[in-house]
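Trainee: I am new to this structure and would like to learn how to read its features one at a time. Could you take me through them slowly?

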Amino acid sequence: MSTTETIRATAGTGKPQDAAAPKVTYGRNGVPITPGGLKGDGFRTYEVHQRERLGQSTAKIKPMQLISPEFIRDPYPLLEILRENYPSYRDWLENAYWITRYDDVTSIFTDDANFETRPRRWFYNIADYGRDLRLELPVLFAQAEAIDDNAQPAAEQIVGDIRAKGSANLGIDFAARFALELLVRQLDLPKEDAPLFCERYWRMTHGFNTDPVAEQDGLAAIRELTAYFRPLLARRRAEPGEDLISAVAGLDLDGGPATAEDLVITLLEGDHETLHGGLANTLFLLLTHPDQFQKVKDERRMAKFAFLEALRHSAPVLAARRFARHEVERFGKLIPGGGMIICSAGAANRDPRQYKEPEKFIVGRKDLCQREPRGQYRADGLPAGIAFGLGKPSKHPAVPEDRPRSLYAITRDTATTALNVLIDGLPGLRLKPGARPELRSLKLWDTHTCWDLPVDFDH
Amino acid sequence: MDSITAFLSNIVENTDAKPSEGSGPSAKPGSVPRAQSLSSHDFPLMPVGQACDMGHAPDGTPLIDSRIFNSFEFFRNPYPYYRIMRDHYPVFFDKLHNCYYVTRYDDITTCYFDDEGFNTIPKGSSSGVLGNTQLELSGVEHRRRRNLYGQHLVGKSLDNRLHAIEAIGEEMIADWGNLDESIVQDRNGVRTVAIGKAFANEFPIRVVCDVLGFPKESRKKFFYWYNSMMSGLGGSETHHQGLEARQDLEDYVGTLVEERRAHPTYLYDAAGDPIGKDIISKLCETQIDGDYLSTEEITSNIALVVGGGGETTRGAILNMWYLLLQHPRQLDAVLADPETMWDVAFHETLRHSTPIGGQPRHNSFDIELHGVKIPAGSLVNMVDFSANHDDRIFKDPETFNIFRPDLYSGKLLRSGYRKEGKCSHMAFGVGPHLCPGAWISHQEAVIGSKILQRHLKNPRLNVDKMPKDFDGSLLPIGLISAREVWIDYDLN
């Protein structure tokens, strides 16, 4: 047994267990001395760190691979290496820890006492620009009602346009457009403003990652949107409607009435990626798995399960970042206060410890919990796919009765509505012959989804 | 009709991950993508001293793309990018590598002195290869450990050992005749020698071995451990090898320590009188907080002394010769007055091209620096490279000039870096963590160079054998020290 193996075998016990251990001699201080050294004795500030020293060697992966174009295109092979070999991978290049197993990821997501989320505006270095009002009750209600009222008509309008045009790239013409259309309707924006708003909104929500040019674009978009919303907010305050802007305008909080800055930050922190990416990935998977698509067409209640399974199989938001609030030991590593943890939903959702044949896309799979996560990720003994933060549960003893449904439920139902409208409206939906669609992110850490999904249908 | 998504077609086109060609609906299972290029973004190679265009803010401020730090362009030509950071982002938040860079001389020195606000608590900056060292301690814990062997590296106990350093150098050069063709070649009365392989790589290690008290016969192994450990730092690709070398070293030291606890060994001065115990023997009998040091701790201390005393000094010697040989007028001045000018050249070399680029710190509290809010516990990199090229301190910093009037080149002290109206370079840092080996490394480089000077008649650079830049000129030193310097000299 080589020294390295001895250390691995005895890691944690502090004593070599080799049967042929050499004779023990004693030093002046009465501490046993062996040729292998004084394992576990003497002064150690960070024993865990030391014990894990050899375990930290991660020869099967290079940190550079985790920011490579190959990873941006298809992260799953590398995520599998991490999950199966280095469940808590210390990434020296990105100065982060990768957590990739289902139970580990969910344990961090549910541990607000030890780990914090930093909002997008923190990554923009404009933490004090405005307040995030997403969790104010009037805003939640306005959002839920606007989405419920508009999901069906928005989807019908888009499908109508696609029919009129005769062909479509569903990734953009349906999934991305539906998410944006719904947002425009929630805000009740004038029709002529919608294109410019959508472009600015997209720049704003895609600029806080690493690309400095995109960051400048995003910051400019934030300023432009603030200028755009200022008069609109004042008008809605004077003549309120049912929309989200009116709900924000009506708020009078401890820190003063809501401002245009608050509205923009509320939109920035909100998320349309799960709806857009989830819809696009569902359609991509259904169109490339005709047998599963048939299941949905045969039995329409399966549309909901198709969406949830697509979020599990191909999560559009691959990872969420958390920061240790203080020094904590997790998964055999000492994570320093302020340390960044990359919780990979993409890896956890394909964890074979949770799902049988996780690489397979199976609509209605029996080992996926189909219920809304309420304060925990498991129900009925089954793991839910990780696609949403836990958020505020909609039904919980601690939550008032008059709370609207959770974003999880709203998004799921909206996507189901959109899928059903699409399937009804475009009979014979199929991939364009010769099309080879694939999932990819456009930039590092961006939505992992299908951007090019050309289809034909019966006219 | 479809105008709200019209802008997307442009965005989808302009992307880092182009659609893969010919791949099916999903990638082949089990296929592992390989990292193809050094960077995720191809940065053009620029003439030395010019930065490539990474975009501009609306007000014209040049932007820094974090991916540049992984690129070859940055490795060979880092200084123009540090200039952008100093001028426009004195505290730069690098989201890709999750860290902050502090780049101005004054900010860095302030932070180095602030032992409490900027701690060195182990976040594994050596990634476990060196182990627990005082690099990662603060306050009194740090001071106690540092003082254990710091005394061997300075002052009288070092002066008394200079003869040994000299002897090691002479011994190595005497052996040149027996070296391989790939290191030393004789042609027509001219000898061509790679002074890295023939001298600079091993000289500092042998000196350190000697001061530590390693037996002579262990040198070869020691050299291997050293090389593996150094190349395995920072979680690099050879990390695993570094960790195994470290384990081997620890095993070896275990035996040695056992021996030395019973029979300590001594260092002797030129007259043969004992000066004191060597560092290992000293560490064996040292108590901290009422407890003897464990082998593991002793190994970490040794690894640190070796790591600190090897690569840096080697780099300093090679960089110094490389730069001087490219500036013949300055080389002549040094050769004409070796007693003072080698010291001056040493300091200017470390200012112009330091082998160690900076030190990591972690801020203990939430702070705001130059308008950037840094949450407690963040990794804050103090970029010594940049401090040394800060034109707020050094005029015309990109020029190598041993006659420069604004660089302090006397003895470096923990307490200060501004002497006689001049500033010292930051290659050794400043404050409580000032490199304890600053003085011995200075002595090694200067004594080593004086020995080389005695043997190299009419030295000149063998340009043909030196690595070239993309345009055919000599490769700049950039972020890593010169790997090799080929010198021609006359044998008679």
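Mentor: Let us start with burial: a residue is buried if 20 or more other C-beta atoms lie within 10 Å of its own, exposed if 12 or fewer, and partly exposed in between, with the C-beta atoms placed from the backbone. Helices (H or I, at least four residues) and strands (E, at least two) are DSSP runs, numbered from the N terminus. This is a predicted model, in which local features need pLDDT of at least 70 and side-chain atom pairs count only at pLDDT 80 or more, while totals for chains, interfaces and linings use all residues. Residues are numbered from 1 along each chain as its sequence is written, and chains are lettered from A and ligands numbered from 1 in the order in which they are written.

Trainee: Which residues are buried in helix α4 of chain A?

Mentor: In α4(A), which covers residues 76-85, the buried residues are Y76(A), L78(A), L79(A), E80(A), L82(A) and R83(A). They pack against several elements of chain A, including α3 (69-73), β3 (88-91) and β12 (340-344), where a contact requires C-beta atoms, placed from the backbone, within 7 Å.

Trainee: How should I read the packing of two helices?

Mentor: Two packed helices are described by the angle between their axes and the distance between the axes. Helix α8 (residues 170-187) and helix α9 (residues 194-205) of chain A have axes that come within 11 Å and cross at roughly 115°; α8(A) and α9(A) are therefore roughly perpendicular to each other, a term for angles of 65 to 115 degrees. On the α8(A) side the contact is made by L180(A), L183(A) and V184(A), and on the α9(A) side by A194(A), F197(A), C198(A) and Y201(A).

Trainee: What is the strand order in the open sheet of 3 strands in chain A?

Mentor: The order is β6-β18-β15, with antiparallel pairing, and two strands pair if DSSP finds at least two bridges between them. β6 (168-169) and β15 (430-431) of chain A stand at the edges with a single partner strand each, so one side of each is left without a neighbour in the sheet. β6(A) is joined by 2 bridges to β18 (residues 454-456) of chain A, and A168(A) stands opposite V455(A) there.

Trainee: How many bridges link β4 and β5 of chain B?

Mentor: Strands β4 (residues 184-187) and β5 (residues 190-194) of chain B pair in the antiparallel sense over 4 bridges, with Q185(B) opposite T192(B). Their hairpin has 2 residues between the strands, and N188(B) takes a positive phi near 50°. β5(B) is also joined by 5 bridges to the antiparallel strand β17 (residues 486-490) of chain B.

Notes. Axes are lines fitted to C-alpha atoms, for helices over the stretch in contact, and angles run from 0 to 180 degrees between N-to-C directions. Angles under 35 degrees count as roughly parallel, over 145 as roughly antiparallel, 65 to 115 as roughly perpendicular and the rest as oblique. Two residues are in contact if their C-beta atoms, placed from the backbone, lie within 7 Å.
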